[in-house]
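Let's take a friendly walk through this model together. Keep the structure open beside the text, so that each residue can be looked up along the way.

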Amino acid sequence: MADWRVRCEKWVRIFGGDVPDLHASSVAFAQIPKAVVPLTARSLYVGQKEICFCGLDEGFEFVGSDDATTCLLLVARCPQTDRIACTHMDSRRSARDLAKVLKAGLIGEANTISSFVVEIWLVGAIPDDDSKDGSDDLVQKVVGELKNQEAWNVGSPVIVNIRVACVLEVNSRPIPDDEDGHTVPISMGIAATYNGNSFAVVPAFWPPNARGPEIPLRTGRLWADEKNLTQIYPREGRPGMVGITPYTPGTDGQEEFQTLLDTEDDSEFKEEVSSSPWCEPDHFVSEVKAAMRFYLEHISSWNSVFLRGPLFFQPRLNGATGYWEWHQEL
């Protein structure tokens with residue numbers, strides 16, 4: 001048995017031991033230098049438990065997500081329709097009906113094409129402990145959904161081609177001298193890029209100020225008991241806009257959040273709120289605390305946040321700075 005099959009026990013259990021090409025392409029993906037998404041690019045960022053769909057002709061230079069430790073990032077492309085999808089899943093529950101969701105956004109209901117190809121890139125999901133709903137369970141759920149032809153329900157064959165599976169052992173490296181045996185991800189972010197001529201999917205870093213709009217509000221949805229992925233783009237009747245749909249967060253987190261905000265030790269804060277505190281990125285604490293502050297400032301009058309329903313944002317180029325910025329549209 002080849003050495004990589006022994007070393008990648010969880011990966012092999014899901015993808016099989018007779019796929020050396022997939023293993024090689026996944027290892028090679030992890031070695032690609034990370035693309036840093038520039039503020040000068042028109043980009044679309046997908047947060048945790050969000051999903052987006054867009055055509056390659058819609059003008060986004062980067063579409064993707066970041067900060068996946070035990071979460072799983074997915075980019076999908078259908079060459080026949082020239083549409084792509086990106087999502088950031090954090091549990092088996094968020095992957096429920098994934099093929100059905102991807103079919104609606106990539107292929108649509110009425111199409112006369114005789115067969116479809118859906119290309120898949122998977123990134124993130126480093127091995128965690130073997131508890132229920134761990135990262136390997138999430139990856140297995142996603143792969144099972146993708147391979148279920150009945151779930152696609154298109155009427156034509158759907159060929160699912162997993163191009164990259166940079167997950168589990170393939171995407172992790174050990175921490176030297178770590179007594180607990182923890183590993184850290186090689187790739188935490190992903191971006192689909194298109195410049196009008198060529199399409200590619202690469203490892204990526206999304207600077208915090210390239211992730212708008214309204215990240216604290218969007219992050220707060222994680223504290224609402226929602227089972228499904230939230231589609232942020234496109235929004236019906238609002239072409240070219242990101243939409244944040246109303247949600248209701250739980251009201252029992254106020255005392256806990258205030259205590260956490262008073263925590264000055266970043267390591268202690270990560271231990272309390274993260275499932276993988278040893279490998280969270282530098283901006284993790286500030287981003288989560290910003291979401292907690294937004295929650296505490298608005299929870300007593302939450303209805304006013306979505307007073308007119310969903311919030312819509314349009315990207316505009318700032319001529320003075322050359323940066324793309326998101327502006328709210330009424």
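Glu58 counts as partly exposed, at 27% relative accessibility. Here buried means under 20% relative accessible area, exposed means over 50%, and partly exposed lies in between, with a 1.4 Å probe and protein chains only. The side chain of Glu58 meets that of Arg83 in a salt bridge, at 3.6 Å from N to O. Arg83 sits in strand S6 and Glu58 in the loop between S3 and strand S4 (62-65), so this pair ties together parts that are 25 residues apart in sequence. Arg83 is partly exposed too, with a relative accessible area of 21%.

Before going further, a word on the ground rules. This is a predicted model, in which local features need pLDDT of at least 70 and side-chain atom pairs count only at pLDDT 80 or more, while totals for chains, interfaces and linings use all residues. Residues are numbered from 1 along each chain as its sequence is written, and side-chain values use heavy atoms, with hydrogens and water left out.

**Salt bridges**

Side chains of opposite charge can pair when their charged atoms come close. The term salt bridge stands for a side-chain nitrogen of Lys or Arg within 4 Å of a carboxyl oxygen of Asp or Glu. How many salt bridges does a search of the whole structure find? The search gives 11.

| Pair | N to O distance |
|---|---|
| Arg218 and Glu50 | 2.8 Å |
| Glu145 and Lys141 | 3.1 Å |
| Arg83 and Glu58 | 3.6 Å |

Arg218 and Glu50 meet through their side chains in a salt bridge. This pair links distant parts of the chain, with Arg218 in helix H7 and Glu50 in strand S3 (residues 50-55), 168 residues apart. Are these two partners buried or exposed? Both Arg218 and Glu50 are buried.

Glu145 and Lys141 make a local pair by contrast: they are four residues apart in helix H5 (residues 135-147), and therefore separated by about one helical turn. Glu145 counts as buried because its relative accessibility is 13%. Elsewhere, salt bridges link Asp66, Asp67, Arg211 and Glu287 in a network.

**The chain as a whole**

The chain carries 10 helices and 16 strands. Helices (H or I, at least four residues) and strands (E, at least two) are DSSP runs, numbered from the N terminus. For 330 residues, a compact globule would have a radius of gyration near 20 Å, and the chain agrees with its 20 Å. That radius is taken over C-alpha atoms, and the globule rule is 2.2 Å times the number of residues to the power 0.38. Along its principal axes, the C-alpha trace spans about 60 × 55 × 40 Å. Of the 330 residues, 51% count as buried.

**Backbone details in the loops**

Which residues does a cis peptide bond join, with omega at about 5°? They are Gly212 and Pro213. Pro213 belongs to the loop between strand S12 (199-205) and helix H7 (215-219). A cis peptide bond also joins Tyr233 and Pro234, with omega about -5°, and Pro234 is placed in the loop between strand S13 (230-233) and strand S14 (242-244).

Asp82 is not a glycine, yet has a positive phi of about 55°. Its loop runs between strand S5 (72-78) and strand S6 (83-89), and Asp82 is partly exposed at 36% relative accessibility. Asp177, not a glycine either, has a positive phi of about 65°. Asp177 lies in the loop between strand S9 (172-174) and strand S10 (183-185) and counts as exposed, at 79% relative accessibility.

Gly196 is in the loop between strand S11 (190-194) and S12, partly exposed at 44% relative accessibility. From C-alpha to C-alpha, Gly196 and Gly59 are 8.4 Å apart in space, although 137 residues apart in sequence.

**A patch of negative charge**

On the surface, Asp252, Glu256, Asp262, Glu264, Asp265, Asp266, Glu268, Glu271 and Glu272 gather in a patch of negative charge. A charge patch joins like charges within 9 Å, using residues with over 30% relative accessible area and no salt bridge. Helix H9 (residues 266-273) gives the most to this patch, with four residues. Asp265 lies in the loop between helix H8 (254-261) and H9, and is partly exposed with a relative accessible area of 40%.

Methods
Patches are made of residues with over 30% relative accessible area and no salt bridge: like charges are joined within 9 Å, nonpolar side chains (Val, Leu, Ile, Met, Phe, Trp, Tyr) within 5 Å. Accessible areas come from the Shrake-Rupley method with a 1.4 Å probe; for residues, only the protein chains shown count as cover. Lys and Arg count as positive and Asp and Glu as negative; His and the chain ends are not counted. The place of a charge is taken as NZ of Lys, CZ of Arg, CG of Asp or CD of Glu.
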